Amino acid sequence: MRLAIAEINLQALAHNLAQVRQFAPDSKIMAVLKANAYGHGLVKIAQHLNAADAFAVARIDEALALRAGGLTKPIVLLEGFFHQDDLPILLANNFQTIIHDENQLVALEQAQLDAPISCWLKINTGMHRLGIAATQFEDFYQRLLATPNAKNEINLMTHFSCADDVSDTKTAEQISLFDSLVATKQQAHCLANSAGIIAWPAGHGDWVRPGLMLYGVSPMLNCTGAQHDLKPVMRLTTKVIAIRDVAAGQCVGYGGRWHSAKATKLAVVAMGYGDGYPRHAKHGTPVVIGNKRYGIAGNVSMDMISVDIGDNSDNIKVGDEVVMWGPELPVEEIALCATTIPYELLCNITPRVSYEYLT
Ligand SMILES: *Cc1c(COP(=O)(O)O)cnc(C)c1O
């Protein structure tokens, strides 16, 4: 019997991609597949995103894994290359690179390449992580046009820092700074992540870069995917492996951090931080057993979690399925209980969990 399972619903994935098109009908889609497609399985997910126009990843190894998996779409490296020696690999595999700083530009200018590489010039408009300053833009743009190692179509990109918060004026400022810089340049413009796609239509541009929303999860503060007609792709489940009685006052789990005020029953379930479930999920974080919610009791351990099932009037048994998150229990809600974000929970699934792809 398999215990921890991540069911991956490929119809939900296709639905979510179609939703991206609804939100941004005039933009091409660069599907973001970094970190093992946000924990959903890199190659499998890519194989079912045929309707996307390109893929984007963070690391060259992720892009190489896509090519090894037989995927032929253009692939954009969101952080660019890390050493001049990487450039022939980019060329041989048709990878497109971000150029976000002087070192990368110099490496590209000085390389001996047989053909030009397709480049995206990344401008910092307020995220202050990667990207050239607005004042450097014209100089970088002209140098990219001048080097034979860059294709003449210089695509232009920026990234939002606060797009998940519709009340924050920062995104509008980023859009107007970007627009004012690139106004006279005809090349492709690309600004929006999932939150930008959902909440900031002025930032849709020629290309959009959805990550989280493809997986059916909301990037917006205090929202779930269902509010944007997105469908969760992952359903993380496991099984009950024991039922036990606990007397009033008995401590449960490592550190004895919780005790029940009254006599109760616990279902011990085969899931823990060794599977990627967050250790910081607080006491009472919900799970679903048989269509009903119950709260976890005490600390999450590596392989197990105890769930308070009260008097067990629902007759929960060893072997019953337990849903940790999925369509019936939003991962956004579990993230709040663990004081983190859904991105982290999805990426953290470990190899101990079996994947099942549902078509
Ligand atoms: C991860 C990433 C995205 C996708 O962000 P989501 O919030 O998951 O949609 C887009 N652009 C860049 C540069 C990224 O690093």
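This report covers the fold, surface and ligand site of a predicted model.

## Basis

The model is predicted, with local features needing pLDDT of at least 70, side-chain atom pairs counting only at pLDDT 80 or more, and totals for chains, interfaces and linings using all residues. Residues are numbered from 1 along each chain as its sequence is written, and side-chain values use heavy atoms, without hydrogens or water.

## Overall build

The protein chain holds 11 helices and 18 strands. Both are DSSP runs: helices are H or I, at least four residues, and strands are E, at least two. The C-alpha atoms fill a box of roughly 75 × 45 × 35 Å along the principal axes.

Of the 359 residues, 54% are buried (under 20% relative accessible area, 1.4 Å probe, protein chains only). Contacts are heavy atoms within 4.5 Å. Among contacts with a separation of 6 or more, 64% join residues 24 or more positions apart.

## Surface and charge

The accessible surface is about 15,500 Å² (Shrake-Rupley method, 1.4 Å probe). Carbon and sulfur atoms supply 51% of that surface.

The chain carries 28 positive and 35 negative side chains. Lys and Arg count as positive, Asp and Glu as negative; His and the chain ends are not counted. The centres of the two sets lie 6 Å apart, with charges placed at NZ of Lys, CZ of Arg, CG of Asp or CD of Glu.

## Ligand site

The ligand is surrounded by 13 residues (a heavy atom within 4 Å). The closest are Lys34, Tyr38, Ser194, Leu212 and Tyr343.

Ligand oxygen atoms lie 2.5 Å from a side-chain N or O atom of Tyr38, 2.6 Å from a polar side-chain atom of Lys34 and 2.8 Å from a backbone N or O atom of Leu212. Taken alone, the ligand exposes 390 Å², and the protein buries 92% of that.

Note on methods:
Buried means under 20% relative accessible area, exposed over 50%, partly exposed in between (1.4 Å probe, protein chains only). A polar contact is a pair of N or O atoms within 3.5 Å; within protein, one must be able to donate a hydrogen and the other to accept it, and residues adjacent in sequence count only if both atoms are side-chain atoms.
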